[in-house]
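This report describes one protein model, part by part. Please keep the sequence and the 3D view open while reading.

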Amino acid sequence: MLKINVRGENIEVTGAIREYVEKKLSKLEKYFEDTSNSTAHVNLKVYSDKNSKVEVTIPLPYLVLRAEETSPDMYASIDLVTDKLERQIRKYKTKLNRKSREKGFKRMEFVPTEDPKQAEKEDKKFEVVRTKSVSLKPMDVEEAILQMDMLGHDFFIYEDAETEGTNIVYRRRDGRYGLIEANN
């Protein structure tokens, strides 16, 4: 049985909400042989604009499942995040089964719940359809953000003028910017 730890921020976690979360997440157990040592960490947040955010993290021995969803309805967010987790599990299990067939393993423990053609469609999401080569120009973070905005991209790779390291600036969902500094 999957243990479920529900926490609330700016919201009191009522018995009804806790029960609903447990009911929805328990449906994910059918995909696994043993979830007795696993704990699902559920974080429920309510913002001042009345939107509800549900974050779920399930650390498993061989992967970490994580999904989040924001909507005006807490219960709808719980439904959407559960659907996302289910898609992640099916995708992972499909890839695992495909690799096991390629390597000649006899059988993997997996309960098939989807059409194999659908799994192939999902795999095509990761198909590389274009490759670009870029020369990194030394610049500071402000210039990199300006370049990114001028190009209309969500991220920009550049060489930091001071450290000579490779950095990436990106636009966050909240409209602000993030910086990733690569360790060389």
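## The four-stranded sheet

An open sheet is built from four strands in the order β1-β2-β3-β4, with mixed pairing. The edges are taken by β1 (3–9) and β4 (64–71); each has a single partner strand, so one side of each has no neighbour in the sheet. On average, neighbouring strands of this sheet are turned by 10° against each other, direction ignored. Strands (E, at least two residues) and helices (H or I, at least four residues) are DSSP runs, numbered from the N terminus. Two strands count as paired if DSSP finds at least two bridges between them. Strands of a sheet pair through backbone hydrogen bonds, either parallel or antiparallel.

This is a predicted model, in which local features need pLDDT of at least 70 and side-chain atom pairs count only at pLDDT 80 or more, while totals for chains, interfaces and linings use all residues. Residues are numbered from 1 along each chain as its sequence is written, and side-chain values use heavy atoms, with hydrogens and water left out.

## Strand β4 and its partner

Strand β3 (residues 52–59) and β4 run antiparallel and are joined by eight bridges. Which residue of β4 is the bridge partner of E55? The partner of E55 is E68, and P59 has V64 as its bridge partner in β4.

Helix α1 (residues 15–26) lies across β1, β2 (39–46) and β3, and runs at about 135° to β1. Axes are lines fitted to C-alpha atoms, for helices over the stretch in contact, and angles run from 0 to 180 degrees between N-to-C directions.

Helix α2 (residues 74–103) contains S77. Is S77 buried or exposed? S77 counts as buried because its relative accessibility is 0%. The cut-offs are under 20% relative accessible area for buried, over 50% for exposed, and partly exposed in between (1.4 Å probe, protein chains only). Not counting residues up to four places away in sequence, S77 touches S52, V54, E69, T70 and S71; contact means heavy atoms within 4.5 Å.

## The β7–β8 hairpin

Strands β7 (residues 166–171) and β8 (residues 177–181) pair in the antiparallel sense over five bridges. In this pairing I168 stands opposite I180 of β8. The two strands form a hairpin with five residues between them, and G175 in the turn has a positive phi of about 95°.

## A loop residue

A161 sits in the loop between β6 and β7. With a relative accessible area of 48%, A161 is partly exposed. Leaving aside neighbours within four places in sequence, A161 is in contact with P138 and M139. A161 and K137 are 24 residues apart along the chain, and their C-alpha atoms are separated by 8.4 Å.
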